[in-house]
Protein chains: 2
Amino acid sequence: MDKEPTTATKQRMLDAGLTLLLEQGYHGVGVQAVLDAAQAPKGSFYHHFNDKEDFALQVVDAYMTGVHAALDASLSDSSRAPLDRIRGFFELVSQGYEHDGYLGCLLGGLGQELSGASDVFATKIDWCLGYIAGRLAEPLGEARARGDLTVAEDPAVLAQRLVECWEGAALHSRLLRDPSPLPAMLDFYFRAITRVPDDG
Amino acid sequence: MDKEPTTATKQRMLDAGLTLLLEQGYHGVGVQAVLDAAQAPKGSFYHHFNDKEDFALQVVDAYMTGVHAALDASLSDSSRAPLDRIRGFFELVSQGYEHDGYLGCLLGGLGQELSGASDVFATKIDWCLGYIAGRLAEPLGEARARGDLTVAEDPAVLAQRLVECWEGAALHSRLLRDPSPLPAMLDFYFRAITRVPDDG
């Protein structure tokens, strides 16, 4: 029997880590649970990771690889209006949540659990959410240039609010194990920045 | 020396629990840390609480006692317009966050950490956030009746969005250890529901 490449073992541990961290949180997950879920040989954890913190940070990186792919796929679609591209991004994110059973956002989960005690995680998660906001600021700026927005704020500021709104809706979705807050929040946000009320 | 009443010991453990749970999360806090922080005698933890889950649920209840007081104090102030009363509530909440060093919202923190694995906490935290939304729906309804709102949604729905928006901003505040996302989100939200754009 061929020996499995260690990169495949590592990837299985990262994949298992995403599910376990979403369900149980950082402190709820032990090394043995990762090995068991990944069917990885004993000893392989510390072959690939310095410690559990290093592991969780690499799970976040793996999660962000998926986020990058979703951003690239949705925001590059120039056949859609800029705000529709943003909606397309969050639709891809929502599909990920559905796949996980509506456990919310890993970034929000680890950010809440760990950022009180760990500057490493506070900085990491803030960077990740700030990166997403930075990417979303581009189509927001484009939307403004086209005259699609009815608010005057800087697109970078609007993008920060959008990510915060989404994280709050993702928490609610996690509590309910239900997607309903997610599109409701997008509707609220997009109307807030584009609405032209009735005259009156 | 008089023996301290056990209710005072219990209250000190609950007070210490709020700080510890905000900083370290549920799994990061052990019974001994609670006893140490509260300077409580060994054995008193299990005199007052069945287990750590019971303790954390009672910390949430104690937190909600403060929320109730803030809701009562701010929402009953009939000298202020309904939306100003809501802003007054979140100003009181923000003062609590400042006192804690901007560690965000205990409900969002425990909700994120625990609701993936614990239906007890998912249900409890969802109830708490839903209760706050229910209280905020009243002045939102009053604002609508006065003609202060420029959106048509049900006040109960608007209140849910408001609590979600706040929780997302509280996460960002926690990551940054800085209050700035909190008033920024309130400004965004209130403008979203009251804005009368320029004609055009």
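**Reading the terms against the values in a predicted two-chain model**

Q: Why is B:Gln58 called partly exposed?
A: B:Gln58 has 17 other C-beta atoms within 10 Å. A residue is buried if 20 or more other C-beta atoms lie within 10 Å of its own, exposed if 12 or fewer, and partly exposed in between, with C-beta atoms placed from the backbone. The value of 17 therefore makes B:Gln58 partly exposed. This is a predicted model, in which local features need pLDDT of at least 70 and side-chain atom pairs count only at pLDDT 80 or more, while totals for chains, interfaces and linings use all residues. Residues are numbered from 1 along each chain as its sequence is written, and chains are lettered from A and ligands numbered from 1 in the order in which they are written.

Q: Where is B:Gln58 placed, and which residues is B:Gln58 in contact with, leaving aside its neighbours within four places in sequence?
A: B:Gln58 belongs to helix H4 (residues 52-75) of chain B; helices (H or I, at least four residues) and strands (E, at least two) are DSSP runs, numbered from the N terminus. Its contacts, leaving aside neighbours within four places in sequence, are B:Leu14 and B:Phe49, where contact requires C-beta atoms, placed from the backbone, to lie within 7 Å. B:Leu14 is 44 residues from B:Gln58 in sequence, and their C-alpha atoms are 7.3 Å apart.

Q: What makes B:Thr65 count as exposed?
A: B:Thr65, also in helix H4 of chain B, has 11 C-beta neighbours inside 10 Å, so it counts as exposed. Its C-alpha atom is separated by 13 Å from that of B:Gly96, 31 residues apart along the chain.

Q: How do you know that the span of helix H7 of chain A agrees with its number of residues?
A: The expected span of a helix is 1.5 Å times one less than its number of residues. For the 28 residues of H7(A), residues 119-146, this gives 40 Å, and the end C-alpha atoms are 40 Å apart, so the two agree. After H7(A) comes A:Gly147, with a positive phi near 85 degrees.

Q: What covers the buried residues of H7(A)?
A: The buried residues of H7(A) include A:Phe121, A:Ile125, A:Leu129 and A:Leu136. Their cover includes helices H4 (52-75), H5 (82-100), H6 (106-114) and H8 (155-176) of chain A, together with helix H8 (155-176) of chain B.

Q: How do you know that chains A and B are related by a two-fold axis?
A: A rotation of 180 degrees with 0.0 Å of shift along its axis superposes chain A on chain B, with an RMSD of 0.0 Å. That is the relation of a two-fold axis. Within chain A, A:Gly168 has the C-alpha nearest the axis, at 2.0 Å. Copies are superposed by least squares on the C-alpha atoms of residues with pLDDT of at least 70 in both.

Q: Why are the copies said to meet through the same surface?
A: Of the interface residues of chain A, 100% are also interface residues in chain B, so the copies meet through the same surface. In numbers, 38 residues of chain A are in contact with 39 residues of chain B. H8(A) gives the most to the side of chain A that touches chain B, with 12 residues.

Q: Why is A:Tyr102 called partly exposed?
A: A:Tyr102 has 19 C-beta neighbours inside 10 Å, so it counts as partly exposed. A:Tyr102 lies in the loop between H5 and H6 of chain A, and its phi is positive, about 55 degrees, although it is not a glycine.

Q: What is the confidence in chain A?
A: The mean pLDDT of chain A is 95, and 96% of its residues reach 70 or more; pLDDT is the predictor's confidence in each residue, from 0 to 100. For the complex, the predictor gives an ipTM of 0.95 and a pTM of 0.95.

Conventions
Contact = placed C-beta atoms within 7 Å.
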